[in-house]
Structures are given as structure tokens and as C-alpha cells.
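Have the sequence and the 3D view open as you read.

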Amino acid sequence: MKISNWFDNQPIQNKLVLINVLVISMALAPIVAMMFGYEYYAVRQDVIQEIRVQAEIVSDNAATAAAFGDTITASEALATLRASPDMLRASLVLPDGAVLATYHRNDVPENLTVVPQLKNEELTWSRFKLSKPVYLRSRFVGTLSLETSLDSFYRRVFIYFAVILLTTIFGLTMAYLLSVRLKQSITKPLEKLLDIVHRVTHEQDFSVRPEEKRTDEIGELSRAFGGMMSNLQERDERLQELAFYDSVTGLNNRHFFKERVEQTVFNALRYQTRCCLLFIDLDDFKTVNDTLGHHIGDDLLREVGRRLSSVLRNNDLVCRIGGDEFAVILENVKDLKIPTTLAEKIISTLSEPAMLQGHRVSVGASIGISACPDFASDTATLLQTADSAMYVAKSSTKNTYHQYGS
């Protein structure tokens, strides 16, 4: 028996139930496909952007280590990728091709620790690979390569698809139950339903449907869209946090420091005020890491960050810009004695031993000071002069400071 003949021989109540279900199914099908396609693309872009942000942060943190061939600091920078469960492996390769540091997830074989360097990015159905040049003050110091799986992406897409599928099934079930209800009370809506059947079967007007069913489906779509927007907002806030804060100390990181120091120099030149920059490099920090372990080193960095914050003015800013390097930005400095006095306070407070997990730990600090517009008329010069002053302090007696131009 042909389907058309079978359909023609059905009672009108059964015809209404079948037509309602078919109309709603055809209306929901393109909507679900569009939402799933959009979510698939949006989630994939978000995952890729998160990996790019991670690569940016790690390359900033590892730049100094790559420049000086510091394997320990570079390994620490790569170790922060452990926070991402999908990160499979990463490697930092020097310009001469030597591998400075690697990271790999526990289930990745040892012989696959080095990620092949790509031209830029490579995306497959299960992997995303990225190679990024690492620069320190505009000087190429190495290449950071990452490889991550897309397992979390497919989990999120699968969950979203399951939610959409369950929502659709729920809507169709409700439509079916409502049609059954209408079949039981067919007296008043009979003419309207017969008219819909006529328009659908003879005019092929599949846009016609009962108003109450359209309202229910719109409500479901609105809730799904609201949930999607909430997820996007949470991911944006998370990306902002990863982009501007150091995961170990909680201080602002190098990325935030670069933006802030440029704005500070701009304001100083525009409003004819003075700003100062202090570069702080911890003395003997590597010894602490080597002898007591990285966990003690991280505790020490947190303690250093806390002590630095305790001696600053309310409008001063401290950032962690490298493995054991910090920077302090001072605005509206009226006297050049202010940064030197602050440097003395910093050296004094950092010289006091700290008890970290039962260990008595002491470090010093070499501090370089520069000022704008006294010794620099732009951001690059300010960074260069402060860095030069810091190396003068470090190459003399350590645990001291040097002001550029003095």
C-alpha cells in the first residue's frame, strides 16, 4: 500500500496528529542545524583563541629564559601549560635549532616531547598545532611550539548537541501529546485544524502551524540562546584573566605591564609629569629552585610579590615580567629621591629571611631605575635604560640598586 493511500484512509484525528508532528519537525530541523553549526564554529574559535592566548603568555614568560639559555626558567614557563588538560606537548627551540625546554602530558611518549616547528598553525580534526616566534625587546630568541588535542572541544560540542537533541525530542513529544489532546476534543478546533491540513496537503504551505506550538518552541530557543550567551561571557572573563594576570603570584603579568608602561609614559609626556620604572631581578633565585625545588621557588615568588606590594604607594604598580624578574611603575614622581628610597625599602624588605614550608629562605635583589622624561623620551628608551641600570647593579655587588645617569 502506498503511503498516500494509507494517509487518505486515516481518520481526520490521526491526520492532524501526523501533520502537526511533521510540520514541527520540519520547522525545527533547520533551526537546530543552524544553532549546532554556529555553536560548533564558535566553540572551535574560542578553543583556538584560548590556545593562542596561552602561547602568548608562555612566550612572554619564557622570552628572557630563551635569551639567556636558562633551561630551568624556560621549563617553569612551559610547566604552566599543565593547567590545560588538553595540552599534549610543547617545546622551546633556540634560533640555532637547539631544544631549550620541553613539556609533555604524562600519556605522551618521551620520544615525542619535541613539537615539530610549523610555518604558523595547523588544525586537523583531532589536533591543533601552533608555532610562535619568541621575541625579547624585538630580538628573535627562539620558537615556541605547542600541540593540543581537541578532546574538550568535542566534549563541549557533544554536550551541546545532546542538549539540543533532548530539547527537540521534548518539544516533539509535547507536540504529539498536544495533538492527541486535540484529537480527544476536536469539536471547536476542528474547522481550524482541517483548514491547516488543507493548506499543508494541497498548497504545500509548511509555514502554517498552531500558535501555541510556535510559542513553546520560541521559549525553548530563547532559553538555549541565553545559556549559550552565558557560556560565552564566562569564557571571555576567563580569557581576560589569563591574558593579564600571572598564575603564580597573582600580580599583573608582562602583557599587562607593556600596555600600562606605554600609557604611563604617554601621560607623563602629555601632562609634563615624571614617571619612573624599576626593574627588579632576584639574586640567587636559581639556587633556591635548584636546592629546594620549584614548589619552594613558587612560594618565594609569591612572598616577594606580597612584600613588594606592601612597600608601594596606592597608585604604584608592581608586575611579574619574567621568571624571577619584577617591575614597578611609579607615576607623578616629583623627586628622583622617591624611586631610590623605594629601592632601598625593597632591598631591605626582601633581605629579611622567609620561612617557606619549614625552610629558611633568603634572596637579594638587583634594581635598575630610570625616569621619563629625565633619561628617556619614549617607552622603548625607558625600558632600555632601566634594564641597563639593573645589569649595572647586578654586575657590581648584587643586592643593590643603580639609577641610570648617576
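## Cysteines, salt bridges and a surface patch

Let's start inside: Cys 276 counts as buried because its relative accessibility is 1% (buried means under 20% relative accessible area, exposed over 50%, partly exposed in between, with a 1.4 Å probe and protein chains only). Bear in mind that this is a predicted model, where local features need pLDDT of at least 70, side-chain atom pairs count only at pLDDT 80 or more, and totals for chains, interfaces and linings use all residues. Residues are numbered from 1 along each chain as its sequence is written, and side-chain values use heavy atoms, leaving out hydrogens and water.

Cys 275 is buried too, at 3% relative accessible area. Its sulfur sits 4.5 Å from the closest cysteine sulfur, in Cys 372, which is too far for a bond (a disulfide is a pair of cysteine sulfur atoms within 2.5 Å). Cys 276 is in no disulfide either, as the nearest cysteine sulfur, that of Cys 275, is 6.8 Å away. The disulfide count comes to zero.

Salt bridges are another story: the count is 17, taking a side-chain nitrogen of Lys or Arg within 4 Å of a carboxyl oxygen of Asp or Glu. Here are some of them:

| Pair | N to O distance |
|---|---|
| Asp 374 and Arg 274 | 2.8 Å |
| Arg 302 and Asp 299 | 2.6 Å |
| Arg 307 and Glu 303 | 2.8 Å |

Asp 374 and Arg 274 link distant parts of the chain, 100 residues apart. Asp 374 is partly exposed at 34%, while Arg 274 is buried at 18%. Arg 302 and Asp 299 both lie in helix 9 (residues 294-310), three residues apart; helices (H or I, at least four residues) and strands (E, at least two) are DSSP runs numbered from the N terminus. Arg 307 and Glu 303 are four residues apart in helix 9, so about one helical turn separates them, and both are buried. Elsewhere, Arg 89, Arg 127 and Glu 147 are linked in a salt-bridge network.

Which side chain does Ser 145 meet in a polar contact? The partner is Ser 131, at 3.0 Å (a polar contact is a pair of N or O atoms within 3.5 Å; within protein, one must be able to donate a hydrogen and the other to accept it, and residues adjacent in sequence count only if both atoms are side-chain atoms). Ser 145 is in strand 5 (residues 139-149) and is buried, at 0% relative accessibility.
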